[in-house]
Amino acid sequence: MSEEMKLKIIPLGGVDEIGKNMTVFEYGDDIVVVDCGLIFPQEDMLGIDLVIPDISYLEKNYDRVRAFLITHGHEDHIGATPYVLERIPVPVYGTKLTLGLVEHKLKERKVGNIELNVVEPGDVVQLGAFTVQFIRVSHSIAGAVAMAITTPVGTVLHTGDFKIDYTPVDGEGTDLSTIAALGSKGLLALLADSTNVERPGFTMTEKNIGKTFRELFRDAQGRIIIATFASNVSRIQLIVNEGVRYGRKFCFIGRSMVNIVKLAGQLGELTIPEDALIDIDDLDRYRDDQIVIVTTGSQGESMSGLMRMAYGEHRKVTIRSTDLVILSSSVIPGNEKLVSRVINQLYRCGATVIYEAQQMAEVHVSGHARQEELKLIHKLAHPRYFIPVHGEYRHLCQHAKLAVAMGVEPDHVVVPDLGSVIELDQKEIKVTGTVPSGSVLIDGLGVGDVGNVVLRDRRHLSQDGLIIVVMAVDSEQGMVVAGPEIISRGFVYVREAEELMDSVRNVVLHILADYDRIEPCDWNPIKARVREELRKHLIEKIKRNPMILPIIVEI
């Protein structure tokens, strides 16, 4: 290898955004990719189900991609795997729960022949020019790891999502000694989780939630219904522990919840007494004070278990005034209105509702490190260079300032953009260019077939509605023999706007009067005139700008 060759680090997701995490490491002819996540659509992405990273750079360099390395099993780190691996079918490395969740996703999308390699914390794998060591970290899901990626120019530590919990539920905390050992040997660069950099102090231990659950379970007289993230296996274990203590049975609702509980149980990451599990059809066989229902819907999702229960739309469970409902999660930015709506509806049902914003009970702790935990990692790792990841731009900038305060030289810090090509070696770090990056939209089974133009049209339709102008033309005579027929959808109610519809029809007739004979070559100019003149007419008449769709049918 040339002595001048440098390591390239290219974030394709997870910077200037929460989610869609994907980072490319490239040296010479070898590429490894850390994480393969998605992000959920914004409100203006009408009809879009999921958003994944643009992987056109990886597709172009497919023959050099050695593996995907997954830090843990949350959707923002594994959600894109079925869509990406069907295009780039390379080996995947991760811990057993992480790969169990990936395998389930691949089966759902019928993606086969992907090599899944289970690793344990402490394992080391060789992938071309890269030597990767997996390091245990605490997070809100079992099997989370950081990665020390050793290259010919030095070692880079990627923390993944983490926190420092000295009393974790599973007894396995962040491996600080290994991180310290890496720092003492000399760490080239640190890429670290920036999600909670704005929050001072330390993240509360997960065991505090157990104390809260114990008090709530002890005093509850009716059913207990808890909504949490399906992937938060440690939280589910705490719920089970306290429910068993007070002799309650457990019913899990929601497809993702049921799937993860089943998988975590099979892998030994979740322990539930067999006689404590009950089916949803058997709920009526038990008294209310014997039941705990664990469901999806902590973010107010419209089709989630909790939302359907609250609105009386669930086929088996309806909220009662005697229920205690606990939302054991924080609100993801952008979901505030959805969560508020479901809480209000729960109150309308008469239920007692406990949620984080009340600050009357500790029902959720974050899985991400706060400032003092980040400082500790920086102190132990003592990196030469620092690249903040996993956060919006303000998070990355604040983490960069924290790194400088912890001793990193200001010109040794790079705040990346999506697609930035960051080159580094022992001498310097700098951004040398960009690669294609951004978002690919998933709509049903379609991947990437909905772009900005389609979204613009959907927004236009949702805001202003649609007018369709249908005309039938006799191909022999070149005359309009039927129409124009005016159809309105989402614009005005035709029966109550007959005068307006007549004026629209007259505008079209006026245009057609300019043509003695209509030939096929005239159709596009006629359609363009209809769109433009109708647009002006409607803006003048009622200050509205619907989408106008002229249709000429040849008979």
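Predicted model: local features only at pLDDT ≥ 70, side-chain atom pairs only at ≥ 80, totals over all residues.
Take the helix pair to begin with. Helix α5, spanning residues 176–185, packs against helix α11, spanning residues 371–381, and the two axes sit 7 Å apart. The angle between them comes out at about 45°. Angles under 35 degrees would count as roughly parallel and 65 to 115 as roughly perpendicular, so α5 and α11 end up oblique to each other. On the α5 side, the residues that meet the partner helix are L176, I179, A180 and G183; α11 brings in L376, I377, L380 and A381. Sorted by type, the residues of this contact are seven nonpolar and one polar, with no charged residue in the set. Gly is counted among the polar residues here.

Next up is H399, which belongs to helix α12, residues 393–405. Its relative accessibility is 0%, and since anything under 20% is classed as buried, H399 counts as buried. What does H399 touch, leaving aside its neighbours within four places in sequence? The contacts are A192, D193, S194, V197, L374, H378, F386 and P388. Two of these, L374 and H378, fall within the 371–381 stretch of α11.

Strand β19 covers residues 420–424 and strand β20 covers residues 429–434, and the two pair in the antiparallel sense over five bridges. The link from β19 to β20 is a hairpin that runs through four residues.

Key. Residues numbered from 1 in each chain as written. Heavy atoms only, no water. Axes fitted to C-alpha atoms, helices over the stretch in contact; angles between N-to-C directions. Parallel < 35°, antiparallel > 145°, perpendicular 65-115°, else oblique. Contact = heavy atoms within 4.5 Å. Buried < 20%, exposed > 50% of the residue type's maximum accessible area, 1.4 Å probe, protein only. Pairing = 2+ DSSP bridges.
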